[in-house]
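I opened this entry to record what I looked up, one topic at a time. The structure comes first, and the notes follow.

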Number of protein chains: 2
Amino acid sequence: MSQEQNAAAQAGSESASGTLRRMEEGVCCDGPFPETRRADDAVVEAELSAFKALANEKRLAVVHALREGELCACELETVLDAPQSTVASHLRKLRDAGIVATRKEGKWTYYRIADTASLQLLDLAAALGEDR
Amino acid sequence: MSQEQNAAAQAGSESASGTLRRMEEGVCCDGPFPETRRADDAVVEAELSAFKALANEKRLAVVHALREGELCACELETVLDAPQSTVASHLRKLRDAGIVATRKEGKWTYYRIADTASLQLLDLAAALGEDR
DNA sequence: AAGTCATATCGAGATATATCGATGTGTATG
DNA sequence: CATACACATCGATATATCTCGATATGACTT
């Protein structure tokens, strides 16, 4: 919630950056002003982890399959129509990213969505690209 | 909103899949039951487009920088601390994915967040990984 | 304890993505 | 109209990710 205030924003009233000043001087980026616009590293890393995990067709298919309830790894093999080692590799990444969680029951490992926030992510992402 | 009902869900009352039946028979995946659990291709493609666009450290940094208002391409060079062609390449991908939009003004091209849904995406993704 | 089944891990080759210099395009400006 | 600037595109190399057979692990069965 601690929003750093950009000092350059004072230079002009038109945009958040130094638009007016640039228009007058006719040059761009002669001063080091957007240095303050960098995000918190920990936050970026967390976001990156989630987005990388979901930026794959097969892993996305897994998450969709799990919307209706948990499935074991071998059922997900059927869903993805891919060899066992391939599926296991994707499931590992989803687990590492905290998107899915597991439950062991005898020989089987059941996978489920770990956090409903993941499902909201899917819906938002779908809405973004729906007109393009 | 049209949710396909999985026929296998009837087999047991414990989980959404055929858990009970498997427990009794001691085998897994002998029938083709999770075939019905595949997602709509168009939806998956839209989600994939958004997630791929955001699954990169530099592009994520761009989006964060644009939270406080629009910036021109050369300012984003300063933010990313990368050569012009590299930055341009990332901006293209963000634009293709519909995450950012542009406004031309003389020599400059200003970039802004195209849809507030993108910002919600960041917040959700950050929340997902914050404990892990 | 030997065999079978479900899954995880390893490692190497295939595929995709990122990087960035060179070059092209459009817009001011002298 | 030559020059400078902002930016886009191209193309080659570097880096990362995916794929999947081989192999390991751990649980149940006989």
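**Entry 1, DNA strand C.** I began with the atoms of DNA strand C within 4 Å of the protein: 65% belong to sugar or phosphate, and the rest belong to bases. I note here that the model is a predicted one. I then listed the residues around DNA strand C and found 24, with A:R92, A:Y111, B:R59, B:H90 and B:K93 coming nearest.

I looked up which atoms reach the phosphates. In A:Y111, a polar side-chain atom is 2.7 Å from a phosphate oxygen of DNA strand C. For B:K52, I read 3.2 Å between a polar side-chain atom and a phosphate oxygen of DNA strand C. B:N56 has an N or O atom in its side chain that is 3.2 Å from a phosphate oxygen of DNA strand C. I then asked which elements give two or more residues to the surface near DNA strand C. From chain A they are helix 4 (73-80), helix 5 and strand 3 (108-113), and from chain B they are helix 3 (57-66) and helix 5. Helix 5 of chain B has the largest share, at five residues.

DNA strand D is surrounded by 24 residues, and the closest are A:R59, A:H90, A:K93, B:R92 and B:Y111. Of the atoms of DNA strand D within 4 Å of the protein, I find 66% in sugar or phosphate and the rest in bases. The surface near DNA strand D holds nine nonpolar, nine polar and six charged residues.

The side chain of A:K93 has an N or O atom 2.4 Å from a phosphate oxygen of DNA strand D. B:A73 uses its backbone, where an N or O atom lies 3.3 Å from a phosphate oxygen of DNA strand D. The elements with two or more residues on the surface near DNA strand D are helix 3 (57-66) and helix 5 (84-96) of chain A, with helix 4 (73-80), helix 5 (84-96) and strand 3 (108-113) of chain B. Helix 5 of chain A gives the most, with five residues.

I traced an open sheet of three strands in chain B, in the order 1-3-2 and with antiparallel pairing. Strand 1 (71-72) and strand 2 (100-105) of chain B are at the edges with a single partner strand each, so one side of each has no neighbour in the sheet. Two bridges join strand 1 and strand 3 of chain B in the antiparallel sense. B:L71 has B:Y111 in strand 3 as its bridge partner. Helix 5 of chain B packs on this sheet and touches strand 2 and strand 3; its direction makes about 115 degrees with that of strand 2.

**Entry 6, the sheet of chain A.** Chain A also has three strands in an open antiparallel sheet, ordered 1-3-2. Its edge strands are strand 1 (71-72) and strand 2 (100-105), each pairing on one side only. Strand 2 and strand 3 of chain A run antiparallel and are joined by six bridges. I found A:V100 opposite A:I113 in strand 3.

The average pLDDT of chain A is 81, and 70% of the residues score at least 70. Residues 1-17 of chain A have pLDDT below 50, and beyond near neighbours in sequence this stretch has 21 contacts in the model.

How values were computed: Residues numbered from 1 in each chain as written. Chains lettered and ligands numbered in written order. Predicted model: local features only at pLDDT ≥ 70, side-chain atom pairs only at ≥ 80, totals over all residues. Heavy atoms only, no water. Near = heavy atom within 4 Å. Polar contact = N/O pair within 3.5 Å; in protein donor to acceptor, adjacent residues only side chain to side chain. Helix = DSSP H or I, 4+ residues; strand = E, 2+ residues; numbered from the N terminus. Nonpolar A, V, L, I, M, F, W, Y, C, P; charged D, E, K, R; others polar. Pairing = 2+ DSSP bridges. Contact = heavy atoms within 4.5 Å. Axes fitted to C-alpha atoms, helices over the stretch in contact; angles between N-to-C directions. pLDDT = per-residue confidence, 0-100.
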